[in-house]
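User: Please take a close look at the packing in this model. I would like one connected account of it, with the cut-offs behind the terms.

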Amino acid sequence: LALFGQLLGENRSPEDKSCALNVLVDLIDHGGEAATPLVTNVSAACLQHASDTNPYIRRSACYGLGVCAQRGGAAFSGILPTALQAMHSVVVAEGSREGANKEATDNAVDAVGRMCRYHAASGMDLASVMPTWISWLPLRDDEECA
């Protein structure tokens, strides 16, 4: 895992960062209970890169937060408010529905949906989150999300 951490370093290319995030997220997505100890670190990496200026890195990070919300259980609940705010920032950013940003935005919307579905019982204010999330639908640009 240290190698993937190195690939997320500031001096690494956008391709390296996106690839590293995708591999780490796949570990969470397909690793079952054995991957649970990784959720905190992978979620933190995704949060860190969710505001990246590169839309491909941002897309991978937003996708990762959705997967961590779905698979991470209680390990994800601690960062839920921060993750929701990060996804909101991605969706409402200027130009978020234009060009290469569109897929990152769809992944952010999908991540919020997963947070609502898998963490509704963790004290999330669904009465305010759900109407906002619904207003962001439909997903159009990332076929895997839609």
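Analyst: Helix packing and the core

Helix H3 passes helix H4 in a left-handed crossing (near helix turned anticlockwise from the far one by less than a right angle; clockwise is right-handed). Helices are DSSP runs of H or I with at least four residues, numbered from the N terminus. The model is predicted: local features need pLDDT of at least 70 and side-chain atom pairs 80 or more, while totals for chains, interfaces and linings use all residues. Residues are numbered from 1 along each chain as its sequence is written, and side-chain values use heavy atoms, without hydrogens or water.

H3 and H4 pack at about 145°, and their axes are 8 Å apart (lines fitted to C-alpha atoms over the stretch in contact; angles run from 0 to 180 degrees between N-to-C directions). From H3 the contact (heavy atoms within 4.5 Å) takes Val42, Ser43, Cys46, Leu47 and His49, and from H4 it takes Ile57, Arg58, Ala61, Gly64, Leu65 and Cys68. By class, seven of these residues are nonpolar, three polar and one charged (Ala, Val, Leu, Ile, Met, Phe, Trp, Tyr, Cys and Pro are nonpolar; Asp, Glu, Lys and Arg charged; the others, including Gly, polar).

Valine 39 also belongs to H3. With a relative accessible area of 1%, valine 39 is buried (under 20%; exposed is over 50%, partly exposed in between; 1.4 Å probe, protein chains only). Beyond four places in sequence, valine 39 touches Ile28, Gly72, Ala75 and Phe76. Phenylalanine 76 is 37 residues away from valine 39 along the chain, yet their C-alpha atoms are separated by 6.8 Å.

Phe76 leads on to the largest nonpolar core, where Leu65, Phe76, Met87 and Met115 touch the most other members among 41 residues (buried Ala, Val, Leu, Ile, Met, Phe, Trp, Tyr and Cys joined through side-chain atoms within 4.5 Å). Two or more core residues come from each of H2 (14-30), H3 (39-49), H4 (55-71), H6 (80-92), H7 (101-119) and H8 (126-136). H4 gives the largest share, eight residues. Leaving out residues up to four places away, methionine 115 touches Leu65, Ala69, Phe76, Leu80, Ala83, Leu84, Met87, Ala120 and Met124.

The crossing of H6 and H8 is left-handed. Leu84, His88, Val91 and Val92 of H6 meet Val129, Thr132 and Trp136 of H8. The residues of this contact divide into five nonpolar and two polar, with no charged residue. Valine 92, in H6, counts as partly exposed because its relative accessibility is 48%. The C-alpha atoms of valine 92 and threonine 105 are 8.7 Å apart, for a sequence separation of 13 residues.

In H7, aspartate 110 counts as buried, since its relative accessibility is 16%. Aside from neighbours within four places, aspartate 110 is in contact with Leu139 and Cys145. In the segment after H8 lies proline 138; the peptide bond to proline 138 from leucine 137 is cis, with omega near 5°.

As for confidence, the protein chain has a mean pLDDT of 95, and 99% of its residues reach 70 or more (pLDDT is the predictor's confidence in each residue, from 0 to 100). Within the chain, H4 is highest with a mean of 98, whereas helix H1 (residues 2-7) is lowest with a mean of 85.
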